[in-house]
Amino acid sequence: MEANEVNEFANQMKESGEGGESLKVISLGISILAVLVAMVTVLGHRTHTEAVLMQSRAGDQWNEYQAKKIRMDNLSVNVDLLALQPSNDPAAVAAKTKEYQAHIDKWKKDLAEEEEKARDFEREVTRAEAKASHYDLGEALLQIAVVLCSITLFTRNRAYFLLGLGLGAVGLVIAFSALLLR
């Protein structure tokens, strides 16, 4: 409902002897609900963006893990091949094998760290998605509350207004419960 439509309706109600303070309260309630819808919508959009960014970071982290794993596996094959090749300088082969094995041992440790980082990002994605779901549900309930309160202006039945306020309160609680998710 446009602002000028609300004013027109208010004027009609005043001319017919209805409205006054009641219309002001209903209009104020609708306005407050509309502001809350906007706030929850922005929080929801930001949380969805956070989830997408965390998913991208998790993917990057898994790519890093895979790259190190491939390098480690390739080096393991080289160590195995060195042991099988005949050599004129066994000391050089032993030194090279020792060097490669040190790299492999370091990469094994790095792989565990890379995996843990990737899993942390995945946990962040899950948390952000859960928060976003709360915001989405809260937003939907607040939008329905605005519609119900607006119906009051046409029907002059305060039950819609009270139902709308109640639904708006539930939507607000659900939306802001997202802040409690860890």
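Visitor: What mean pLDDT does the protein chain reach?

Guide: This is a predicted model, in which local features need pLDDT of at least 70, side-chain atom pairs count only at pLDDT 80 or more, and totals for chains, interfaces and linings use all residues. Residues are numbered from 1 along each chain as its sequence is written, and side-chain values use heavy atoms, with hydrogens and water left out. pLDDT is the predictor's confidence in each residue, from 0 to 100. In the protein chain, 89% of the residues score at least 70, and the average pLDDT is 89.

Visitor: Which helix has the lowest confidence?

Guide: Helices (H or I, at least four residues) and strands (E, at least two) are DSSP runs, numbered from the N terminus. Confidence is highest in H4, at a mean of 95. Where pLDDT is low, the predicted coordinates should not be read in detail. The lowest mean, 62, belongs to residues 3-15, helix H1.

Visitor: What pattern does the protein chain follow along the sequence?

Guide: The secondary structure comes to 4 helices and 0 strands. Read along the sequence, the pattern is α-α-α-α.

Visitor: Among contacts between residues at least 6 apart in sequence, what percentage join residues at least 24 apart?

Guide: Contact means heavy atoms within 4.5 Å. Among contacts in the protein chain between residues at least 6 apart, the share joining residues at least 24 apart is 78%.

Visitor: What percentage of the 182 residues is buried?

Guide: Buried means under 20% relative accessible area, exposed over 50%, partly exposed in between (1.4 Å probe, protein chains only). In the protein chain of 182 residues, the buried percentage is 29%.

Visitor: Which residues are in contact with isoleucine 30, leaving aside its neighbours within four places in sequence?

Guide: Isoleucine 30 is among the residues with the most contacts inside the largest core. Beyond those sequence neighbours, its contacts are Val146, Cys149, Ser150 and Leu153.

Visitor: How many residues are in the second, separate core?

Guide: This core includes Tyr65, Leu75, Tyr100 and Trp107. Its residue count is 8.

Visitor: Which residues make the nonpolar surface patch of about 300 Å²?

Guide: Patches are made of residues with over 30% relative accessible area and no salt bridge; like charges are joined within 9 Å, nonpolar side chains (Val, Leu, Ile, Met, Phe, Trp, Tyr) within 5 Å. Valine 77 is found in helix H2, and counts as partly exposed because its relative accessibility is 44%. The patch is made by Val77, Leu81 and Leu84.

Visitor: Is aspartate 110 buried or exposed?

Guide: The structure holds 12 salt bridges, each a side-chain nitrogen of Lys or Arg within 4 Å of a carboxyl oxygen of Asp or Glu. Lysine 106 and aspartate 110 form one at 2.7 Å, N to O; both lie in helix H3, 4 residues apart, about one turn of the helix. Lysine 106 is partly exposed, at 47% relative accessible area. Aspartate 110, at 11%, is buried.

Visitor: Which residues do salt bridges that share partners join into one network?

Guide: Arginine 127 and glutamate 124 meet in a salt bridge of 3.0 Å, N to O. Being 3 residues apart in helix H3, arginine 127 and glutamate 124 are separated by about one helical turn. Shared partners join another set into one network: Lys68, Lys106, Asp110 and Glu114.

Visitor: What is the phi of arginine 156 near?

Guide: Arginine 156 lies in the loop between H3 and H4. Arginine 156 is partly exposed, with a relative accessible area of 45%. Phi is positive in this residue other than glycine, near 60°.

Methods
Core = buried A, V, L, I, M, F, W, Y, C linked by side-chain atoms within 4.5 Å. Areas by Shrake-Rupley, 256 points an atom, 1.4 Å probe, with all protein chains shown as cover.
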